[in-house]
Amino acid sequence: MCAQESTSFEALVRRQENRVYRTALAILGNVEDAEDQTQDTFLKYLEKRPVFQSQDHENAWMITVTRNGAISKLRLKSRQNLPLSVDIPVPGPEEREELEELFRLPPEDREVIHLFYYEGYSAEEIAKMTGAKAVTVRSRLSRARKKLRSMLEVET
Amino acid sequence: MRTKYQAYMDRQTISPELHQRLLSLEQRQPERHRLVEVPKPAPVRWRRWSALAASLVLVVGLVALRSFSGNSGAMKSADMARTMTAAEETAAGAAQSADMGEGSSMEEEAVVESADMDEAEEMEESMEVEAVTVTDAPSDTAWTEEMERLSPYATDYLGDSVNVVHIAAGMTYPDGWQYDHVELHTDGAPYGLDIWLTGSGSADLQANSDTAFALIGNVEVVRFLDAADGSVIGEYER
């Protein structure tokens with residue numbers, strides 16, 4: 001591996017590590033699995049070595065690979081009848097209640113919430129990334145807003 | 001202004017240890033992530049050789065048939081056609097064709113009328129054509145049937161997930177293996193289809209990959225993975 005390639009991978013890691021980790025945490029709901037998936041995502045990058053046309057393309061690729069891997073992990077755990085552990089870092093009791101409400105939502109809902117409210121994708125873009133219909137994405141967002149109103153409203 | 005959700009996620013960052021592990025990925029691949037390199041199966045040449053053997057036996061049988069001029073052609077030819085059809089459907093194609101010899105011995109007892117000769121020769125010609133085409137081992141026939149069954153879902157694009165899932169889920173897998181789910185890799189070339197299976201035992205998935213390549217226009221790599229541990233059972237390129 002030449003120095004230039006190594007530098008560019010390092011730069012990619014620095015650019016994307018938190019985005020990937022946060023996406024994985026949102027879907028998987030626990031730190032250990034999120035760290036595993038983060039590693040898997042970068043391994044997938046090293047395996048595929050995709051060429052990105054833009055920064056948006058790079059962001060979308062990393063997120064899509066992360067969510068696909070996270071969903072696969074959840075399916076595997078489900079088939080193995082393993083409990084889906086939720087172990088999220090929470091600083092205070094007031095935040096804990098809201099976050100527990102968030103993480104009680106199905107992973108598919110949490111995924112949509114994260115992509116919409118944190119990454120800023122539209123419902124149509126999310127539909128394309130996840131393979132769901134846009135109407136399904138919108139209904140998940142609507143349901144999430146009702147349950148998590150205070151968490152998803154802009155703070156004043 | 002940020003929502004509470006955004007503020008919470010802003011605070012979630014990877015640990016320094018994970019950061020270092022990510023940087024070191026280029027130099028090494030952790031053992032559990034190493035993909036099992038499954039060598040491509042050798043091309044199945046035996047089908048061609050068995051087809052050639054079957055053809056030779058049939059030709060020999062036909063020559064023997066001709067030598068017993070005086071067979072009541074149409075009836076015996078029909079028997080021989082049925083024998084050849086059986087040869088198409090069983091693994092012992094060549095052995096079945098060799099049974100032509102028995103048909104020939106039956107013809108020794110037959111009384112042939114000259115009026116039937118033309119018809120017999122016509123049947124023999126058609127059987128010769130069939131002899132040339134009696135090359136299929138039984139798995140080819142099963143594969144053809146599966147192709148016909150799944151062909152309504154044929155699509156040009158791997159991204160056509162509905163039809164791709166129909167194809168992958170509808171395939172017949174080797175004993176001990178069942179379809180679980182698929183993953184579509186359409187981010188860029190090479191376009192790949194991962195078919196996850198549950199089960200155990202050895203598995204020759206060449207026919208399944210052939211089906212995928214035939215029915216999904218732009219898929220370039222098909223992998224079969226064990227859903228239990230993510231290991232690669234087989235990997236095939238177009």
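Buried area is taken here as the accessible area (1.4 Å probe) that two parts lose on being put together, summed over both. In this predicted model, local features need pLDDT of at least 70 and side-chain atom pairs count only at pLDDT 80 or more, whereas totals for chains, interfaces and linings use all residues. Residues are numbered from 1 along each chain as its sequence is written, chains are lettered from A and ligands numbered from 1 in the order in which they are written, and side-chain values use heavy atoms, with hydrogens and water left out.

Chain A and chain B bury about 3900 Å² between them, 56% of it on carbon and sulfur atoms. In contact (heavy atoms within 4.5 Å) are 52 residues of chain A and 36 residues of chain B. There are 3 salt bridges between the chains, a salt bridge being a side-chain nitrogen of Lys or Arg within 4 Å of a carboxyl oxygen of Asp or Glu. A:Arg49 is paired in this way with B:Glu26, with the closest N and O atoms 3.3 Å apart.

Helices are DSSP runs (H or I, at least four residues), numbered from the N terminus. The axes of helix 5 of chain A and helix 1 (residues 4-11) of chain B come within 10 Å and cross at roughly 95°; axes are lines fitted to C-alpha atoms over the stretch in contact, and angles run from 0 to 180 degrees between N-to-C directions. Helix 5 of chain A is therefore roughly perpendicular to helix 1 of chain B (65 to 115 degrees). At this crossing, A:Ile113, A:His114, A:Tyr117 and A:Tyr118 meet B:Tyr5, B:Gln6, B:Met9 and B:Asp10.

Notes. Helix = DSSP H or I, 4+ residues; strand = E, 2+ residues; numbered from the N terminus. Parallel < 35°, antiparallel > 145°, perpendicular 65-115°, else oblique.
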